[in-house]
Amino acid sequence: MKVYSFPRGGIFFEDTRVPDRSSSETAYLPALSVIPLIQHTGGRAYPIVSVGDSVREGMLIGRGQGMGSTNIHATVPGRVVRMVSWKSPDGLVNDALVIRMEGRFDKLGKAEEVSSWADLSPFVLQRLISEFGVVEMDGIGRPVADILSALRSAGDPLTLVVRCVFDDPWLAADYVLCRERLKAVAEGSAIIARAARASRVVFALSHREKDLGALFLAEAGNYGLTASLVLTGSRYPQRNRRELELVLRDYEKKEGVKLGSLLILGPATLAAIHDAVKLKKPILDRYVAVGGSAVKYPKVIKVRIGTRIGEVFAECGGFVDRPKRIVIGSPLLGRTVADLDEPVIKSSYAVFAMLESQVGFSPPRNCIGCGECRTVCPVGLDPEELFKRVGGKKSGGKRSGAGGGAIGSTHGILNECHGCGCCEVVCPSRLPLSSVILGAVARGI
Ligand code: SF4
Ligand code: SF4
């Protein structure tokens with residue numbers, strides 16, 4: 001079977017510090033949950049409970065405020081004891097409800113009530129997905145209801161792409177979820193295909209996971225889907241939307257099929273769609289890969305949303321020594337966190353903690369002109385040149401090439417950068433190339 005790969009750049013990303021992918025463990029329920037009223041880019045939900053109120057497991061506690069915002073639910077039963085606010089290192093203000101666990105569980109340990117969706121219209125399915133606050137459970141976490149709305153203006157046909165491309169070993173949690181919840185992911189695909197009126201489903205999998213792809217295809221057969229399997233390379237950032245679309249257009253041409261517009265969703269999101277529609281259940285848990293050199297027993301664990309990451313590390317035996325850096329997400333795209341009280345949210349697929357020896361502390365040096373950053377850029381940009389133009393600092397604190405004219409003409413090129421981070425990873429001078437470029441994009445330079 002042909003393996004489709006994007007044409008240029010990228011890196012093979014291996015990491016021995018990731019946890020084993022063979023199975024997951026379920027974490028203890030948190031005594032205190034911190035449930036942010038915003039768990040993605042966009043708007044905050046409006047809290048509909050107050051300090052002192054009792055809440056039930058799965059109860060609506062924050063109501064979405066239209067586009068860019070989504071419903072938020074309690075993930076444990078208990079009492080709201082505080083409303084907290086903090087600023088993350090990227091400058092965003094987070095508000096959250098703190099729930100002290102008490103009382104009985106309505107869902108945990110109970111037989112699940114299963115609803116048939118076969119006769120539901122696309123409109124009703126969309127309403128359920130919105131009502132239960134389903135968001136993309138990786139990336140920036142856009143509400144799925146917003147993605148569906150945006151697709152209304154897309155032309156026919158529409159193809160649902162089930163993205164199970166594991167180009168980053170820190171996607172271990174999604175891999176384990178695919179294995180353990182394969183039927184839910186496949187049925188979630190059938191549900192969203194109907195909700196979005198997609199005429200075809202493509203399961204896009206890294207070629208090493210061909211057997212998993214065959215299992216998905218067999219399951220899809222139960223729902224009468226027009227489904228196919230596309231095997232991709234595992235060079236990072238193959239999973240990225242742009243690079244995935246490139247290989248799908250190549251597949252389209254070679255196989256003579258018409259894919260049309262693409263709705264691309266990952267396995268955790270599809271399992272959440274299944275739970276919302278079939279089990280009438282909001283997102284209560286997230287599979288999270290926990291690892292890094294500072295963690296005693298790296299593993300994939302199933303964690304309640306709202307569990308503080310300090311407890312997540314405790315679940316893995318704690319630290320072998322004081323960590324130097326803690327990150328939510330992958331080493332390539334993750335966000336450094338300063339506080340172990342930050343909670344797991346719907347899009348947290350990995351957390352890791354590194355010892356000082358792993359972080360390294362050599363400061364950035366001058367560019368040696370090796371050209372590695374240009375070689376790995378999948379978009380064909382010159383990261384070093386962009387870095388200079390937007391005023392990236394080199395060793396000694398000098399700024400170079402930051403003329404206003406140069407920045408003006410750079411604007412369009414900057415927006416082509418999709419922030420994969422490849423250039424920064426390979427730079428032998430440790431220049432923060434993608435961080436500075438993305439910072440400039442965020443400032444609208
Ligand atoms: S972060 Fe941007 S400039 Fe760097 S390799 Fe990726 S696309 Fe290219
Ligand atoms: S990889 Fe780093 S050192 Fe090499 S050319 Fe790019 S910026 Fe310069």
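Reader: In this predicted model, how does the shell around ligand 2 divide by class?

Author: The model is predicted. Of the 13 residues around ligand 2, those that come nearest are Cys367, Cys370, Gly371, Cys373 and Cys427. By class, the shell has three polar residues, two charged residues and eight nonpolar residues.

Reader: What classes make up the shell around ligand 1, and where does ligand 1 sit?

Author: The residues around ligand 1 include Cys377, Cys417, His418, Cys420 and Cys423. The shell has seven nonpolar and four polar residues, with no charged ones. As for its place, ligand 1 sits in the largest cavity.

Reader: Is aspartate 138 buried or exposed?

Author: Aspartate 138 is in the loop between α1 (122-131) and α2 (144-151). Apart from residues up to four places away in sequence, aspartate 138 touches Arg163, Asp174, Arg239, Gly266 and Ser347. Buried means under 20% relative accessible area. Because its relative accessibility is 5%, aspartate 138 counts as buried.

Reader: How far apart in space are alanine 154 and leucine 262?

Author: Alanine 154 lies in the loop between α2 and β10 (158-164), and at 30% relative accessibility it counts as partly exposed. In sequence, alanine 154 and leucine 262 are 108 residues apart. In space, C-alpha to C-alpha, alanine 154 and leucine 262 are apart by 9.2 Å.

Reader: What is omega for the cis peptide bond between tyrosine 236 and proline 237?

Author: Proline 237 is in the loop between β12 (227-232) and α6 (241-255). The peptide bond that joins tyrosine 236 and proline 237 is cis, with omega about 5°.

Reader: Why does arginine 197 count as exposed?

Author: Arginine 197 is found in the loop between α4 and β11 (200-206). Its phi is positive, near 60°, in a residue other than glycine. Exposed means over 50% relative accessible area. Arginine 197 is exposed because its relative accessible area is 61%.

Reader: What is the relative accessible area of arginine 430?

Author: Arginine 430 is in the loop between α13 (422-426) and α14 (433-442). Arginine 430 is not glycine, yet its phi is positive, near 55°. Arginine 430 is partly exposed, and its relative accessible area is 38%.

Reader: How far apart in space are leucine 431 and proline 364?

Author: Leucine 431 is also in the loop between α13 and α14. At 2% relative accessibility, leucine 431 is buried. Leucine 431 and proline 364 are 67 residues apart in sequence, and from C-alpha to C-alpha they are apart in space by 5.2 Å.

How values were computed: Residues numbered from 1 in each chain as written. Chains lettered and ligands numbered in written order. Predicted model: local features only at pLDDT ≥ 70, side-chain atom pairs only at ≥ 80, totals over all residues. Heavy atoms only, no water. Near = heavy atom within 4 Å. 1 Å grid on protein atoms, 1.4 Å probe; cavity = no way out; pocket = protein on both sides within 12 Å on 5 of 7 lines; lining within 4 Å. Sits in = over half its atoms within 2 Å of the grid points. Nonpolar A, V, L, I, M, F, W, Y, C, P; charged D, E, K, R; others polar. Helix = DSSP H or I, 4+ residues; strand = E, 2+ residues; numbered from the N terminus. Buried < 20%, exposed > 50% of the residue type's maximum accessible area, 1.4 Å probe, protein only. Contact = heavy atoms within 4.5 Å.
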